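Trainee: I have a new model on my screen and would like to learn how to read it feature by feature. Please take me through it, starting with the terms I need.

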Amino acid sequence: MGGLEENIYQDTTNPSFFQEGSRIGGAKFAKEMGNNQRRALSSINPNIFGATHNPYVINKRDFSGKLLPAHVVQHCSEVCNRQTQNLNLLAVKSSGIEDCQIVEVEDFEDNKDVPVPMFVKHTEALLDEFDQEEVEMEDVEDEEEDVEEEPVMDIDSSNLKDPLSVVEYVNEIYVHYRKTECLSCVSPNYMAHQPDINDKMRAILIDWLIEVHHKFELMEETLFLTVNLIDRFLERQIVIRKKLQLVGVTAMLLACKYEEVSVPVIEDFVLITDKAYTKQDVLDMEKLIVNELQFNFSVPTPFVFLRRFLQAAQSNKKLEILSSYIIELCLVEYKMLKFSPSLLAAAAIYTSQCTLCGSKQWSKTSEWYSNYSENQLLECSRLMVSFHQKAGKDKKLTGVYRKYNTKKFGFAVRAEPANFLIGVSTEF
């Protein structure tokens, strides 16, 4: 920075530079101006004859483009006319001529000792009053338009002291689940390659396994992994009709070994098939399944995401049970294989919330942790509502309905379906 620029910078940063005595147009500057200073109204000789009178003082206010109300304009005009008449009377009665100049408002502001005419004060007061009212109205409108967005909650803050919640890297775990969930999915058309079985047989098998799972009092993770193993195996291996039940019980045995602490013995699974298969049949099918799937059992099922998304939804017991009921209805349906596990979980919670509240419910927190917007869930949710409507009416598929029509599960089947979602259009 040059020398001149440094001097300017230093002068402007000096507090004395902004003092009243050094202001341009101030009293000190006026004395230095000498005879070139404009005269104030108080210095004009009142004995003026034939002078040109201008009672309107120029007000150099920035034009805001706003018009004053009609009654204010009329009032100001009446005040100005009265002042004009008074000055004209004085001019007629007086004599002598001196130089006269029109004085601007800035002169009154800089010369504090000179009184401002009353009509100027009154007019400016009215202008300031209406400006203030307009600003206040604008503030109110801004407040109405500026609606605070719903904050995203930290759902892990309450589990900092729980080592099983692994708060330090739980988000990374679910990021990994989202990346790998596609590897655990199957083609929604794989049944077309099975010559002896179809989707209806699959539905009957899974509905029966849900009853077996309930009687054995197994964990929820076991059921979802069982269904996943069945679909992945049927996608890769041709199975005849009379071996389909054997595939189902063997898949549940493998899921129990992977998830359960206390695993049912093989004889229990042979017994529930009414001894249609032997223990050796189960062991042979077990070897076939694990080799076909290459021992890959660590897959993210819908239950993994359901547990996390329920936490984001701040769920209660009713929401948990109803969400489990709806998503188990989906396990039976072959057409739901086209949806990813995370989408099924999110849609089940969304549908359950709509069912319990009677209106659409999907918070910013749920959207944040699930990475699904409400519009992305509508197609899947509408199918879930249709399954909820027909639950218990199909005499061949009653396992899920009877399971949740008990006191243990709060008679979840009695909840009225969210029928209003059927008419919601989907936009993607």
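Mentor: Happy to. A residue counts as buried under 20% relative accessible area, as exposed over 50%, and as partly exposed in between. Take R241: it is partly exposed, because its relative accessibility is 49%. Please keep in mind that this is a predicted model.

Trainee: Which residue does R241 meet in a salt bridge?

Mentor: The side chain of R241 meets that of D196, with 3.7 Å from N to O. D196 sits in the loop between α6 and α7, while R241 is in the loop between α8 and α9 (244-259); the pair links distant parts of the chain, 45 residues apart. D196 is partly exposed too, because its relative accessible area is 31%.

Trainee: How many salt bridges are there by this rule?

Mentor: The count comes to 13. One of them joins K403 to E328, with the closest N and O atoms 3.2 Å apart. K403 belongs to helix α17 (residues 399-403) and E328 to helix α13, so this pair ties together parts that are 75 residues apart in sequence.

Trainee: Are those two residues buried or exposed?

Mentor: K403 is buried, because its relative accessible area is 4%. E328 is buried as well, because its value is 0%. There is also a network of salt bridges here, linking E220, E328 and K403.

Trainee: Which residue does E333 meet in a salt bridge?

Mentor: E333 pairs with K390, at 3.8 Å from N to O. With 15% relative accessibility E333 counts as buried, whereas K390, at 43%, counts as partly exposed.

Trainee: Let us turn to the nonpolar side. What is the general idea there?

Mentor: In soluble globular proteins, nonpolar side chains tend to be buried together. In this model, the largest nonpolar core has 52 residues, and Y325, M336, L344, L377, M384 and Y404 have the most contacts inside it. Several helices give two or more residues to this core, including α6 (170-184), α7 (199-215), α8 (220-236) and α16 (374-390).

Trainee: Which element gives the largest share of this core?

Mentor: That is α13, with ten residues. Another core, of 38 residues, lies apart from the largest one; among its members are V186, L209, L225 and A255.

Trainee: Which residues does L344 touch, leaving out those up to four places away in sequence?

Mentor: L344 touches P302, I327, C330, M336, F339, C380 and M384. One of these, P302, is a buried residue of α12.

Trainee: How should I read α12 as a whole?

Mentor: Count its buried residues. Nine of the eleven residues of α12 are buried, so this helix is largely enclosed by the rest of the structure. Among the nine are F303, F305, R308 and F309. The buried residues of α12 pack against α6, α8, α13, α14 and α15 (364-370).

Trainee: Which residue with a positive phi follows α12?

Mentor: First the general idea: most residues other than glycine have a negative phi. Q314, which follows α12, has a positive phi near 50°. Q314 is placed in the loop between α12 and α13, and it counts as exposed because its relative accessibility is 54%. V166 also has a positive phi, near 40°, and sits in the loop between α5 (118-145) and α6.

Trainee: I also noticed T355. Where is T355 found?

Mentor: T355 is in helix α14. At 12% relative accessibility, T355 counts as buried. Not counting residues up to four places away in sequence, T355 touches L322, H388, A415, E416, P417 and A418.

Trainee: Last topic: confidence. What pLDDT does the chain average?

Mentor: The average is 77, and 64% of the residues score at least 70. Over residues 1-44 the pLDDT is below 50, and this stretch has 28 contacts in the model beyond near neighbours in sequence. Residues 424-428 stay under 50 too, with ten contacts beyond four places in sequence. Where pLDDT is low, the predicted coordinates should not be read in detail.

Terms used. Residues numbered from 1 in each chain as written. Predicted model: local features only at pLDDT ≥ 70, side-chain atom pairs only at ≥ 80, totals over all residues. Heavy atoms only, no water. Core = buried A, V, L, I, M, F, W, Y, C linked by side-chain atoms within 4.5 Å. Buried < 20%, exposed > 50% of the residue type's maximum accessible area, 1.4 Å probe, protein only. Helix = DSSP H or I, 4+ residues; strand = E, 2+ residues; numbered from the N terminus. Contact = heavy atoms within 4.5 Å. pLDDT = per-residue confidence, 0-100. Salt bridge = Lys/Arg side-chain N within 4 Å of Asp/Glu carboxyl O.
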